[in-house]
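Hello,

I am handing over the structure below for you to look through. My notes on it follow.

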Amino acid sequence: MDYASSDALDAGPRGTDMLLSHGARGVKVVIVGGFGVGKTTMVGAVSEIPPLTTEETMTQAGVGIDHNPGAEGKNTTTVAMDFGRISVNQELILYLFGTPGQERFWFLWNGIFEGALGAVVLVDTRRIEVCFEVITRLEDRRVPFVVAVNAFPEAPQHPLSELRSALALSESVPIITCDARDRASCRDALLSLMVYLCTLAAAQETA
Ligand SMILES: Nc1nc2c(ncn2[C@@H]2O[C@H](COP(=O)(O)OP(=O)(O)OP(=O)(O)O)[C@@H](O)[C@H]2O)c(=O)[nH]1
Ligand SMILES: [Mg+2]
């Protein structure tokens, strides 16, 4: 069988895919949230390398098994994870892992979260209830997170303070709005996570 990509594999990694050589620090970050909130979109929008995706077609076989409100117009779903990378600067590289949104794949979170320093919880305000379980799981794992509201145009807009209390978030947890399709917006969400992690680390040092 003739694999079109075999030449590329033989040639080894492209320069753009390789890690920086001089002491760059890698941080694992997870993009998590319910079904169809835009996790794969975010990883793809912000990644500086072609993202790894594990999208599969959603078929009639899932009807009655999967509970996926909001699936209208969506015909693929992540079945394992997304992966991407963004260099914040010469010293800091973020490795981005997107989780699968369908609950029957949530057991994969165990591996995906291993070694993660923090997470971005993506929220769709049309289906806010799905976040409760996501946030509970992060709190159980003691993974620090920021909440990013993915502003779908047709979604209701609530003041962030109301969302904070609806999600029972403490005042210290950053909550921001973003557009998962927009690179700069996703980068800002990730930077707010980095700032939050630095704040937590500084507070621990002085404790
Ligand atoms: N209008 C709008 N559409 C978006 C936005 N973010 C994502 N989408 C669309 O919403 C759909 C869902 O996006 P995905 O990125 O597949 O969502 P996901 O969270 O990875 O989905 P699962 O992996 O199946 O849980 C796609 O068709 C996107 O194009 C957004 O900010 N605005
Ligand atoms: Mg996905």
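What pLDDT does the chain average? The model is predicted, and the chain averages a pLDDT of 88, with 83% of the residues scoring at least 70; pLDDT is the predictor's confidence in each residue, from 0 to 100. Over residues 1-6 the pLDDT is below 50, and beyond near neighbours in sequence this stretch has 0 contacts in the model (a contact means heavy atoms within 4.5 Å).

Two points on conventions. Residues are numbered from 1 along each chain as its sequence is written, while chains are lettered from A and ligands numbered from 1 in the order in which they are written. Local features need pLDDT of at least 70, side-chain atom pairs count only at pLDDT 80 or more, and totals for chains, interfaces and linings use all residues; side-chain values use heavy atoms, with hydrogens and water left out.

The fold

The chain has 6 helices and 8 strands (DSSP runs, numbered from the N terminus: H or I of at least four residues for helices, E of at least two for strands). Along the sequence they follow the pattern α-β-α-β-β-β-β-α-β-α-β-α-β-α. Of the 207 residues, 42% count as buried, that is, under 20% relative accessible area with a 1.4 Å probe, protein chains only. Among contacts between residues at least 6 apart in sequence, 73% join residues at least 24 apart.

Ligand 1

The ligand is surrounded by 18 residues, and the closest are Lys39, Thr40, Thr41, Thr77 and Asn150 (a residue counts if one of its heavy atoms lies within 4 Å). The largest share of this shell, 3 residues, comes from α2; α2 (39-46) and β3 (76-78) each supply at least two.

Oxygen atoms of ligand 1 lie 2.8 Å from a side-chain N or O atom of Thr40 and 2.7 Å from a polar side-chain atom of Asn150. A nitrogen atom of ligand 1 is 3.3 Å from an N or O atom in the side chain of Arg181. The protein covers 81% of the 650 Å² of accessible area that ligand 1 has on its own (Shrake-Rupley method, 1.4 Å probe).

Asp124

Asp124 is in the loop between β6 (118-123) and α4 (130-141). Its relative accessible area is 1%, so Asp124 counts as buried. The side chains of Asp124 and Arg126 are joined by a polar contact of 2.8 Å (a pair of N or O atoms within 3.5 Å; within protein, one must be able to donate a hydrogen and the other to accept it, and residues adjacent in sequence count only if both atoms are side-chain atoms). Not counting residues up to four places away in sequence, Asp124 touches Val37, Phe152 and Ala155.

Regards

Methods:
Buried means under 20% relative accessible area, exposed over 50%, partly exposed in between (1.4 Å probe, protein chains only).
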